[in-house]
Amino acid sequence: MAETSSIVYCRELPDVILSIIFSLVTDIRTRNAISLVCIKWHLLERSTRTSLTLRGNVRDLVLLPTCFRAVTHLDLSRVSPWGYPLLDSSSDPPLIAQHLRIVFPSVVSLTVYARNPSTLGLLAPQWPNLLHVKLIRWHPRPLVPPGADFLPLFEHCHSLSSLDLSNFYCWTEDLPPALQAHPSFGASLSHLNILRHSFSEGFKSHELLAITAVCPNLQKLLATCTFDYRFIGFVSDETLLSLVSNCPRLSLLHLDDTKAETNDEGYTSEDARITHTALIDVFSGLPLLEDLALNVCHNVRDAWQSLELLNSKCPLLKSLKLGQFHGICRDTDSDGPNGIALCVGLESLSIENSADLTDSTLVAISHGCPNLSKFEVQGCNRITETGISTFVRVLQKTLVNVKISDCRNLNAASSLDALEPIRTHIKRLHVDCVWGSIGKPETEAATSSSNKRQRPSEETGSKKISKYYDGNGNGGLVKSRTWTKLECLSLWIAVDESLNPLTKVGLDNCPALEEIRIKTEGDCRQRPAVDAFGLGSLAGYPNLSRMELDCGSAIGYALTAPLDHADLSLWERFFLMEIADLNLSELNYWPPQDMDVNQRSLLLPGAGLLAQCRNLRKLFIHGTAHEHFMMFLLQIPTLRDVQLREDYYPAPEDDTRTEMRVDSCYRFEAALNQRQIPD
């Protein structure tokens, strides 16, 4: 009797099973490769692709294929040229809008750059069954009546349940009247995001109450507001209680005011006008709450009085973020857990600017919150390496995401040493590149003034050197540490510092590291204090392929600098030197900026250095550039996707204020697309 073969080939699998397999593939390039195998796989891949981001030129919209009919999530915000009205360049905008509906008939989630109301006026009628919309605009608001930006959306999309305005510049008084004029639309909303960190103005109390009164079924609300009682319309006890009364079904509530200015001890000059009684009533009124963030600009003292009841009033709470809350636990000499340590269900905890947070408080939290997988601490000047080490040792079975930032007694070396108990399984990490005596003489470290973060104190931090550093000045390592599962590393560094000591403090072996995010800030009007920024020191990470290099907070002179000062071209060379040593496939780059003339541009040294990145496939420059500088980038043989994004406020309003015109963009993209791509 012949034996039956047990081998099953992919071509023999039923279409239903293949469709399920393809639907689980999230990597875009992998899906593209799947679609090239055969006609059958091509059709199945297209039928299971539900998310698509268009990156072509706006004039090519008429050439869109009709095979993506299953797409439900469509992103039109990155169509090139970035930031220009989507349909205004067409001779027949309504025809293009109808063509988009025919090509993508199943869209229920839309992201679009709505520079003026006409964009939504044409697109909203095409998809009346939209459930989620995200609007983006960094350009100044056009001169239209209040709320005109939203009217087309509110009039045609009555099923909309989610609206994201976090990256949409408008006046705070635009949204309330538009919602009040369409109460049925407001009643259908369950998710509203108006948390706008990049814009200085927050929503006033009466505006928040007007919004929530029209949207009683909100389940998720994120908003930037004003807690400072010195301003008209500040958020008070009455505002919080009315908000809870208007939206009792909230499962996520984020209220953020980031204007806090603390003294050396970590306190602000004034106390917040929020009482513990009001906080308790807020917690009692939101029994379904799962995610809470309260970041106020003034002191909330003895917060344990209200936080002790948080667990009993909000039993479903999983994520908590507190800013400017002091006394989150009672005196640790008291018996049993107290304060925030009673929130046993927490999985994510973020504490910012808590002046009296101590090591003993951290230990109490670690024992009271055994399920924490994410922990962030920022601006807490009384905690030390001992407290962090004990904290992570207790939570070493669950903790995989840690951020330690702007803590006076913790430099980079002590932070990494404290995380030793979770070194083998932590996946995401943020530290500040404050080296202390590592990498530069102590006297120089003490006199450096451009570092925004506070230096570690001399008693506990500034002389702290990693126990894995030999201390003889030649960079030798006593023992290598392997961060086995670290996938994403985030760094803050001052403009006058170097990345070279990073490997000396213990981050020398990260075999799984794929992405690194670097943010540098400070005064770039003087010459660099060190020889090199040190991007070449990252070449030892074998799988590093994605980088975000944010120099947008590095401030200097974009044009001719005064005598004995440096312009930004010198600093751009400093930042990008050695970037060609990295095997990057994707780079997001924010050039340094001149705030006086509102200019953030890629300059000649930066263009030349980026052109040496031989494996770069995606390059997104968050600024502008001259056309002939962009042509340098054509020297990169693998480069496939390039875009200039002026995603900062206020973005230049017209071509006369930018170096890259619309026609310049067309010419560059035509030259880019005409090349043969090796892969």
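Buried, in this talk, means under 20% relative accessible area, exposed means over 50%, and partly exposed is in between, with a 1.4 Å probe and protein chains only. By that cut-off Phe150, at 0% relative accessibility, counts as buried.

Some ground rules. This is a predicted model, in which local features need pLDDT of at least 70 and side-chain atom pairs count only at pLDDT 80 or more, while totals for chains, interfaces and linings use all residues. Residues are numbered from 1 along each chain as its sequence is written, and side-chain values use heavy atoms, with hydrogens and water left out.

I start with the rings. Rings of Phe, Tyr and Trp (its six-membered ring) pair if their centres lie within 6.5 Å; planes under 30 degrees apart count as stacked, over 60 as edge-to-face and the rest as tilted. The count by this rule is 13 aromatic pairs. One of them joins Phe150 and Phe154, which are stacked, with 5.9 Å centre to centre and 15° between the planes. Phe154 counts as buried, at 1% relative accessibility.

Another pair, Phe533 with Phe575, is edge-to-face, at 5.2 Å centre to centre and 90° between the planes. Where do Phe533 and Phe575 lie? Phe533 is in the loop between strand 16 (515–523) and strand 17 (546–555), and Phe575 is in helix 18 (residues 568–576), so the pair ties together parts that are 42 residues apart in sequence. Helices (H or I, at least four residues) and strands (E, at least two) are DSSP runs, numbered from the N terminus. Both Phe533 and Phe575 are buried.

Arg273 lies over the face of Tyr229, 3.8 Å from the ring centre. Arg645 lies over the face of Phe620, at 4.1 Å from the ring centre.

Back to helix 18. Its buried residues include Leu568, Trp571, Glu572, Phe574, Phe575 and Leu576. Among the elements that cover the buried residues of helix 18 are strand 16, strand 17, strand 18 (586–590) and helix 19 (604–610); contact means heavy atoms within 4.5 Å. After helix 18 comes Glu578, with a positive phi near 75°. Glu578 is not a glycine, and its place is the loop between helix 18 and strand 18. Is Glu578 buried or partly exposed? Glu578 is partly exposed, with a relative accessible area of 31%.

Gln324 also has a positive phi, near 70°, and is a residue other than glycine. Gln324 is found in strand 10 (residues 319–325) and counts as buried, at 0% relative accessibility.

Next, helix packing. Two packed helices are described by the angle between their axes and the distance between the axes. Axes are lines fitted to C-alpha atoms, for helices over the stretch in contact, and angles run from 0 to 180 degrees between N-to-C directions.

Helix 9 (residues 205–214) has seven of its 10 residues buried, so it is largely enclosed by the rest of the structure. The buried ones are Ser205, Glu207, Leu208, Ala210, Ile211, Thr212 and Val214. They pack against elements including helix 7 (175–180), helix 8 (183–188) and helix 10 (237–246). The axes of helix 9 and helix 10 cross at roughly 10° and come within 9 Å. That makes helix 9 roughly parallel to helix 10, where angles under 35 degrees count as roughly parallel, over 145 as roughly antiparallel, 65 to 115 as roughly perpendicular and the rest as oblique. On the helix 9 side, Ser205, Leu209, Thr212 and Ala213 make the contact; on the helix 10 side, Thr239, Ser242, Leu243 and Asn246.

Helix 14 (residues 359–368) and helix 15 (residues 385–394) pack at an angle of about 5°, with axes 8 Å apart. Helix 14 and helix 15 are therefore roughly parallel to each other.

Last, the cis peptide bonds. One runs from Ser80 to Pro81, with omega near -5°, and Pro81 is in the loop between strand 2 (73–75) and helix 4 (93–103). Another runs from Tyr649 to Pro650, also with omega near -5°, and Pro650 is in the loop between strand 23 (641–644) and helix 21 (662–673).

Definitions and conventions. A charge sits over a ring if NZ of Lys or CZ of Arg is within 6 Å of the ring centre and within 35 degrees of the ring normal.
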